[in-house]
Amino acid sequence: MSDSPTVSVEDVRRVAGLANLELTADEEVRMLRDLNAILGHVSQLNELDTAEVLPMAQVSEVIGNSQLQEVLRSDETRPSLDRDRVMAGAPETNGAFFKVPKVIER
Amino acid sequence: MTVETAATKPLSISNIRDSIASGARSSSSFAEACFCQIDARDAQIHAYLSINRERALEQAMSMDGLAKKGEVLPVLAGVPIGIKDVLMVEGLQATAGSRILEGYRAPYTATAVKKLEAAGAIILGKLNCDEFAMGSSNENSAYGPVRNPHALDRVPGGSSGGSAAAVAAGMAVATLGTDTGGSIRQPASFCGVVGILPTYGRVSRYGLIAFASSLDRIGPFTANVRDAATVLGVIAGHDPLDATSSSQLVPDYTAEMDKGVAGLRLGVPSEYFAEGLDPKVRAAVERSIDQLRAAGAVIKPISLPHTHYAIPTYYIIATAEASANLARFDGVRYGFRAKDSDTLSAMYRRSRDGGFGPEVKRRIMLGTYALSAGYYDAYYKKAQQVRRLLAEDFLKAFAEVDAILTPTAPTPAFRLGEKADDPVSMYLADIYTVTASLAGICGLSVPCGKSREGLPIGLQILGKHFDEAMVLRVAQAVETLQQ
């Protein structure tokens, strides 16, 4: 593992905010330890010179030949999910819309 | 704890179909046999999160109706199948092993499951797994771990632990699982069953609760290679509802599987037999390789030089994608919502904090960190670059060999709790499986022996993109040579 920790407790709080997670004090301590251990392991990647290597985002990029897929379809109306069944899975609705707590905070 | 032998001798798919067609046995009796086995063993193993007897027996009766009329039965007629709980089956619960989806019922059915049902399969229920398929031991399920049917103090592997254990214990004839970094192959190895990782794009993922979209795949578990080929043939193919599914034709996977291995070039990568490989696993895998050589295969030593970098690459890419995919669990449209939040943002945070378990939070945090401003190039882009190097390793190797042989996992099933507090050591359980996940190639795990304590050991066979037929052909030879 790396000698100097990569992630600080401020980083943990900032990232938890970005991810919409609320960590308890205990969770923060464990997260700090685990993220540093994992990123220490990840730092091995720096042994590789990748300056000339294109990033690979999708498997289709390396399958080659004529694997370019036809993913566009004609723009026609098709049935979608039944609203009642979708709403049945939601914590709070008025039947037509999802209901949430106050959006604007003061 | 003594090692137990796994249940009764499993049935094969063709036997089931034939005995229903001939009237020797009813479809309902096969489903009932699985439910009896579930009643007898699942209190201990905990492979199922929910079962649906009524729906299953209704499906079975309709198969019996077809048989009575003398109609030609579909290929999976009467075959009792369990589904990993990350796949949607209309009206049934879909928890993904998470509290955040407790009580959620799917409003539609995944394409892979639809295809099984159209082929006559009987859906028994939903199978336990690591939360959002994140784990290598099934200990991350919010509903409690699954135990290995071969040794109840050991893990079944993960994340599709329930899917592997159900087949191993005779509680289903086949199951569906998902594999993002090894989640089909590693539990197949630990539980002594066959598990296929199809090529990326081979099986539609419509109706799968997403973990890492450039990696996630759906595949079957079965007790033997032929059944795996049969189920794969049913679920494979293009789906207009999944833009990443391939339109490449689906061959008859059973057609060429008995051709044997004479003349085939099989590569053995030195990097997979290095430090960290349990000697019992090495012995079983090497014995299998010797048998293939004796059967006429040309065994070639090869090198996949970037293998060492696969775990860090995987854990950046998979967590980055997961952090985006799991943003949708926010207490608005489905699942758990924390009560009494004054504002929307507090509701988001508290629902996610209460709904997600520790490993899921860890991965969301890692992925969010890797994608955050100032770190993107150092982590995410770097990992994508190394991903290409790993994929190119395989493309170069496949210019010289027809398939590649490796151990599926570095050890047999480990004990519950053994790695639970050390994420890095847990991640290393996937060391031989994440490479194929990143490259998008196909593969499978087939049992190749047992340790002295009776724990199953799996051989991993990897093949080119869309060359599942080759992988199955080699696997069939491995299975036959052991008998």
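## Nonpolar core

In this predicted model, the largest nonpolar core holds 179 residues. Those with the most contacts inside it are Val79(B), Ile81(B), Leu87(B), Ile461(B), Val474(B) and Ala475(B). Helix 9 of chain B gives the largest share of this core, with nine residues.

Take Leu87(B). Leaving aside residues up to four places away in sequence, Leu87(B) touches Ala110(B), Ala112(B) and Val113(B), and also Leu176(B), Gly207(B) and Leu208(B).

## Overall build of chain B

Chain B contains 15 helices and eleven strands. Its radius of gyration is 21 Å, close to the 23 Å that the globule rule gives for 483 residues, so chain B is as compact as a globular protein of that length. The C-alpha trace spans about 65 × 55 × 50 Å along the principal axes of the chain.

Burial is counted over the 483 residues of chain B, and 62% of them are buried. Among contacts in chain B with a separation of 6 or more, 76% join residues 24 or more positions apart.

## Helix 3 of chain B

Helix 3 covers residues 53-68 of chain B. At 1.5 Å a residue, its 16 residues should span 22 Å; the end C-alpha atoms are 22 Å apart, which agrees.

The buried residues of this helix are Ala56(B), Gln59(B), Ala60(B), Met63(B) and Ala67(B). Seen down the axis of helix 3, they fall within an arc of 100°, so they line one face of the helix. Their cover includes helix 1 (13-21), helix 2 (27-45) and strand 3 (122-127) of chain B. The face turned away from the buried side carries Glu54(B), Gly65(B) and Lys68(B), which are exposed. Just after the helix, Gly70(B) takes a positive phi of about 75°.

## Contact between chains A and B

The contact draws 57 residues from chain B and 42 residues from chain A. On the chain B side, five named helices each supply at least two residues: helix 9 (310-325), helix 10 (344-355), helix 11 (358-371), helix 12 (376-397) and helix 13 (423-427). Helix 12 gives the most, with twelve residues.

By class, the side of chain B that touches chain A has 27 nonpolar, 16 polar and 14 charged residues.

Methods: Residues are numbered from 1 along each chain as its sequence is written. Chains are lettered from A and ligands numbered from 1 in the order in which they are written. This is a predicted model: local features need pLDDT of at least 70, side-chain atom pairs count only at pLDDT 80 or more; totals for chains, interfaces and linings use all residues. Helices (H or I, at least four residues) and strands (E, at least two) are DSSP runs, numbered from the N terminus. The radius of gyration is taken over C-alpha atoms; the globule rule is 2.2 Å times the number of residues to the power 0.38. A residue is buried if 20 or more other C-beta atoms lie within 10 Å of its own, exposed if 12 or fewer, and partly exposed in between; C-beta atoms are placed from the backbone. Two residues are in contact if their C-beta atoms, placed from the backbone, lie within 7 Å. Ala, Val, Leu, Ile, Met, Phe, Trp, Tyr, Cys and Pro count as nonpolar, Asp, Glu, Lys and Arg as charged, and the others, Gly among them, as polar. The expected span of a helix is 1.5 Å times one less than its number of residues. The arc is that of the directions from the helix axis to the C-beta atoms. A nonpolar core is a set of buried Ala, Val, Leu, Ile, Met, Phe, Trp, Tyr and Cys residues joined through C-beta atoms within 7 Å.
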